[in-house]
Each structure stands twice: as C-alpha cells, then as structure tokens.
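The sequence and structure come next.

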Amino acid sequence: MTQTKGLAGVVAAHSSISSIIDDQLAYVGYKIDDLAEHASFEEVIYLLWYLRLPNHVELTEFKKELTSYMSLSKVLVDHLHSYDLTKVHPMASLRTAVSFMGMLDADSDVQGEEANNRKAIRIQAQIASIVAAISRIRVGKAPVEPKEGYSYAENFLYMLNDREPNEIEVEALNKALVLHADHELNASTFTARVCVATLSDMYSGITAAISALKGPLHGGANEGVMKMLLEINEEENVLPYIKEKLANKEKIMGIGHRVYKNGDPRAKHLEKMSKELTALKGEPKWYNISRKIEDYIKKEKGLPANVDFYSASVYHSLGIETDLFTPIFAMSRVSGWIAHILEQYADNRLIRPRAEYTGPKEAVFIPISQRD
C-alpha cells in the first residue's frame with residue numbers, strides 16, 4: 001500500500017459535477033467566470049443537480065418550488081428557541097437544525113428519486129431560512145417569512161434584515177453563492193459522499209458535511225480573515241501586523257490554496273464586489289487593507305488570495321455578522337453537497353480506504369496481575 005498524507009493527489013471518485021483543470025474551475029463544463037458574471041444561483045443549483053442548464057420555464061418553476069419550501073415549521077422554530085443561540089456558534093446550531101429536519105421528515109430514509117429530489121429542494125430552501133432565523137432569534141427578533149417572487153439571494157437578505165435589499169447587495173450575494181456552490185472533492189463534499197456511501201440518508205450526509213465545513217481550515221477561513229481585518233483596522237497597520245505574523249510563522253487566513261498553483265479563479269470576482277460594496281457603504285478601508293495584505297504576501301511568499309479572502313469584506317459590507325460567514329458558505333455549498341450525494345447514490349460503492357499501521361508490532365499481552 002502507498003500512503004499519501006491528507007490523500008493529496010489521490011483520485012477517489014469519478015464525477016460529472018465540477019472540475020479543476022489547469023487552475024480553471026468549471027461546473028458541468030461551464031467556466032466559473034461565465035457563471036459568476038451571468039448566472040443566477042438558482043440556475044447553478046439546477047445545473048449541479050441535473051447536469052444541464054434549465055430553460056426559462058424550468059427555471060421559473062424551480063424558483064417557485066424553492067420559495068414554496070422556505071417557510072420553517074413551528075416545530076423547527078421552537079427547536080431553535082430551545083437553546084441559547086448567543087452561546088452557540090451558528091455552525092453548531094445549523095448542524096443540529098439540519099439533523100433535526102431529518103427527524104421531522106417521514107421520508108427521511110426513503111431512497112427513491114422522487115423522495116430524494118423533494119428532500120434536496122427542502123434542504124436547499126430551508127438552510128437559508130434557518131441561518132436567517134438563527135441570526136434574528138439570538139437577538140430577540142422573530143424570524144421573517146420569505147417573499148414570493150424573490151430570488152434565493154434576495155430572500156435570504158430580506159429574511160435576515162427584514163428590509164428590501166438593494167440591487168448591488170443582491171448581486172454581491174448571488175455572485176458569492178455561485179462561486180462557493182461546488183469545488184470538486186473538497187473536505188466537506190468528500191465527507192458527505194463517505195457518509196451516504198453507507199446508504200445513510202441525505203440529512204445525515206448534509207449534517208456530516210456541515211461538521212467538516214465548520215473547521216477553520218475549510219469553511220471557517222473567511223471568519224478568520226474578517227477577524228484579522230478588524231484587528232488591523234487601519235491601512236497603516238497592515239505591514240507591521242503581517243510582518244509579525246510571518247515572523248511568528250502564523251498562518252495568514254484566506255491566502256494560498258491546496259489545489260490552485262497560480263491563484264484561485266474565484267477570488268477576482270469577489271475582489272471586484274468587495275471594492276464596489278465597501279465604497280458604497282463608505283468603508284473602503286476594508287478593501288484597501290485586504291488589497292495591501294494580498295500584495296505583500298504575493299511579493300514575499302508568492303501566494304495569492306483565495307475565494308475566502310475577499311468574501312469576508314463582502315459579507316461584512318452586507319451587514320452580516322462575522323460568525324455567520326461560514327453558515328452562508330454552507331447555504332451555497334449545500335447545492336454541491338446534494339449534487340454529489342445524488343451522484344453517489346446513483347453509482348454507489350462503500351468508501352473504505354486502508355491505513356498504514358505505524359504502531360508497535362507483536363506486543364506480548366501481560367495479565368493485569370503481573371503488570372507494574
């Protein structure tokens with residue numbers, strides 16, 4: 001057996017969902033640049049699940065179906081009220097809520113195509129409502145019902161803030177959702193596939209994926225970026241702060257990527273939105289600080305920013321609290337998780353790698369009465 005630490009370079013599955021070839025990301029063959037500039041998030045969800053873009057009639061019906069599932073049941077809202085959301089990270093709350101959704105679904109363990117499609121729509125729709133509800137409930141506000149005719153991004157911002165979002169806010173969030181939707185066999189997606197390869201249910205697969213995304217080396221990186229920006233606070237503090245971090249061999253969050261060698265192709269789209277949004281909100285310093293950090297690290301270490309780096313200032317400019325950044329990542333990536341779960345079900349084999357043993361060999365058992 002050949003051991004590869006972290007499974008680096010190991011091909012663990014065939015997939016038709018997304019690809020990373022020559023540092024270019026594509027969903028079902030469509031370049032991420034084209035999708036980021038022209039596609040709605042709903043089109044991308046449809047593309048990932050059905051491996052083709054919808055026509056106008058299909059997209060209209062799909063949007064209506066998503067919105068129809070967005071309202072949360074009283075039982076689920078009561079569940080969110082049952083523990084102190086001010087003391088629990090929103091990712092832990094989201095993980096538990098999705099697991100609880102599975103307990104409420106009588107068809108949770110039904111594996112048929114129709115049942116799985118319905119569960120997919122329900123999970124995708126309600127994860128946005130759950131994140132918004134968590135944000136409101138923990139500050140003593142009631143959850144806001146979704147609006148018919150609103151897009152996914154528009155409805156989330158409306159349910160979060162109880163106000164009509166403006167056009168650039170909707171554009172920024174839609175773009176972020178498109179860019180984060182899928183990313184080949186990343187840690188959380190692989191976790192989802194491992195889970196459902198046992199023929200566990202979709203809710204379990206999504207709960208497992210959320211658990212993996214919660215880690216700071218995966219989805220939590222964008223939170224780390226914003227905490228860093230807030231600590232720096234002013235442009236003149238950038239170089240002293242970053243030089244000290246590098247001298248102490250501390251990781252700069254949002255910089256570099258395990259897969260891309262010449263830069264994350266998604267980052268430039270959120271950099272543009274960060275520049276526009278921070279200027280619109282009268283706080284261009286967050287973009288300027290980010291730009292200075294990336295320029296310095298690129299010069300000193302040859303490492304460019306990844307998608308998490310500029311998503312932090314985008315979300316902050318949308319008035320989103322820092323600890324909600326990763327749940328919003330989950331709102332997007334659940335579309336990819338579901339696509340991979342459906343693909344795994346369609347051609348399943350239990351995922352069971354081996355481990356190279358490095359412990360003691362031929363140990364002699366000594367009865368307890370003879371041990372010192």
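Where does isoleucine 320 lie, in a helix or in a loop? In this predicted model, isoleucine 320 is found in the loop that runs between helix 15 (307-317) and helix 16 (325-346). The points below take up this residue and then the aromatic side chains.

**Isoleucine 320**
- The relative accessibility of isoleucine 320 is 3%, so the residue counts as buried, the cut-off being under 20%.
- Leaving aside residues up to four places away in sequence, isoleucine 320 touches Leu160, Tyr315, Phe325 and Ile328.
- Alanine 247 is 73 residues from isoleucine 320 in sequence, and the C-alpha to C-alpha separation of the two is 32 Å.

**Aromatic pairs**
- With ring centres within 6.5 Å taken as a pair, the count comes to 8 aromatic pairs.
- For tyrosine 287 and tyrosine 310, the ring centres are 6.2 Å apart and the planes are at 35°, so this pair is tilted.
- Because tyrosine 287 lies in helix 14 (residues 285-301) and tyrosine 310 in helix 15, the pair ties together parts that are 23 residues apart in sequence.
- Tyrosine 287 is buried at a relative accessible area of 11%, and tyrosine 310 is buried at 1%.

**Other aromatic features**
- One aromatic cluster is formed by Tyr46, Trp49, Tyr50 and Phe62.
- Lysine 285 has its charged end over the ring of tryptophan 286, at 4.6 Å from the ring centre.

Terms used. Residues are numbered from 1 along each chain as its sequence is written. This is a predicted model: local features need pLDDT of at least 70, side-chain atom pairs count only at pLDDT 80 or more; totals for chains, interfaces and linings use all residues. Side-chain values use heavy atoms; hydrogens and water are left out. Helices (H or I, at least four residues) and strands (E, at least two) are DSSP runs, numbered from the N terminus. Buried means under 20% relative accessible area, exposed over 50%, partly exposed in between (1.4 Å probe, protein chains only). Contact means heavy atoms within 4.5 Å. Rings of Phe, Tyr and Trp (its six-membered ring) pair if their centres lie within 6.5 Å; planes under 30 degrees apart count as stacked, over 60 as edge-to-face and the rest as tilted. A charge sits over a ring if NZ of Lys or CZ of Arg is within 6 Å of the ring centre and within 35 degrees of the ring normal.
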